[in-house]
Amino acid sequence: GKCCGCACRHCPYHHENVALSKRQAGSISTPTILCGSFAALASAHRSTSADAAQEVGDGIDVLFWSGGKDSYLAARALCRDRQGSKSQLLLLTTFDAASRQVAHQEVNISEVCRQAQSLGLPLVGVPMFPYFSYNDRIADAFQYIADELTKVTQKLPLLSPSLKVGRVCNGDLHLESVRGWREVNIGPLAERILGARLHAPLWRGSF
């Protein structure tokens, strides 16, 4: 089977044939790329210099993106890790499926899409429902990313087989309780599904 392009509520194909404009309007119900594409991410990855990846490895960074300043500062730090390159950065945003709002930021997912477009970065949206646990939904998102990276690698035979996620990142600054929660809940998912490690580029930095 395949996606029919009608943005059906429980699409098992992650709305892959739904126009980006319809996805951004708030019709998706499964983890789906809302801005950019995995093909473009793969092409950018292929053209990244070896020097830019030498210090941090050649895996893609997935950054939990809330639309706030800490997320932006984390994105800048990750780009600095790669000599200013943003070619290996993928944003991930969770939002309430009913209100389309990003929790704690009170920002609509459409605003986050505009942020990603302005930054020139791909964005995966993860709609949250009360009958799905947060951990299960993040696991779904990680699996979606892993599957899409595998697909694009198969479509681009000249692409290095190392196209994968190396780090799952966040904008944590100093709250030990939040960091501990991520290590217990998100860390094992990142390792099991993506083979990635957690990374907080701003942790205990001086601001």
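Reply: Strands (E, at least two residues) and helices (H or I, at least four) are DSSP runs, numbered from the N terminus. This is a predicted model, where local features need pLDDT of at least 70 and side-chain atom pairs count only at pLDDT 80 or more, while totals for chains, interfaces and linings use all residues. Residues are numbered from 1 along each chain as its sequence is written, and side-chain values use heavy atoms, with hydrogens and water left out.

Me: Ok, in what order do the six strands of the open sheet come?

Reply: The order is β1-β6-β3-β2-β7-β8, with mixed pairing. At the edges are β1 (32-35) and β8, each pairing on one side only. From one strand to the next, the twist averages 35 degrees (axes are lines fitted to C-alpha atoms, for helices over the stretch in contact, and angles run from 0 to 180 degrees between N-to-C directions).

Me: And how many bridges join β1 to β6?

Reply: Three, and β1 runs antiparallel to β6 (residues 123-128). Across that pair, C35 stands opposite L123 in β6.

Me: Switching topic: what volume does the largest pocket have?

Reply: About 690 Å³. On a 1 Å grid over the protein atoms alone, a pocket is an open set of points where a 1.4 Å probe fits, with protein on both sides within 12 Å along at least five of seven lines, and lining residues have an atom within 4 Å of a point. Grid points are joined across faces, edges and corners, and the volume is the space filled by probe spheres set on the points.

Me: Which residues lie nearest its centre?

Reply: S66, A103, H104, Q105 and R182, out of 28 lining residues. Two or more lining residues come from each of α4 (69-81), β3 (89-96), β4 (101-102) and α7 (176-185). β3 gives the most, with five.

Me: Is R100 buried or exposed?

Reply: R100 is buried, at 12% relative accessible area, whereas R204 is exposed, at 58%. Buried means under 20%, exposed over 50%, and partly exposed in between (1.4 Å probe, protein chains only).

Terms used: Two strands pair if DSSP finds at least two bridges between them.
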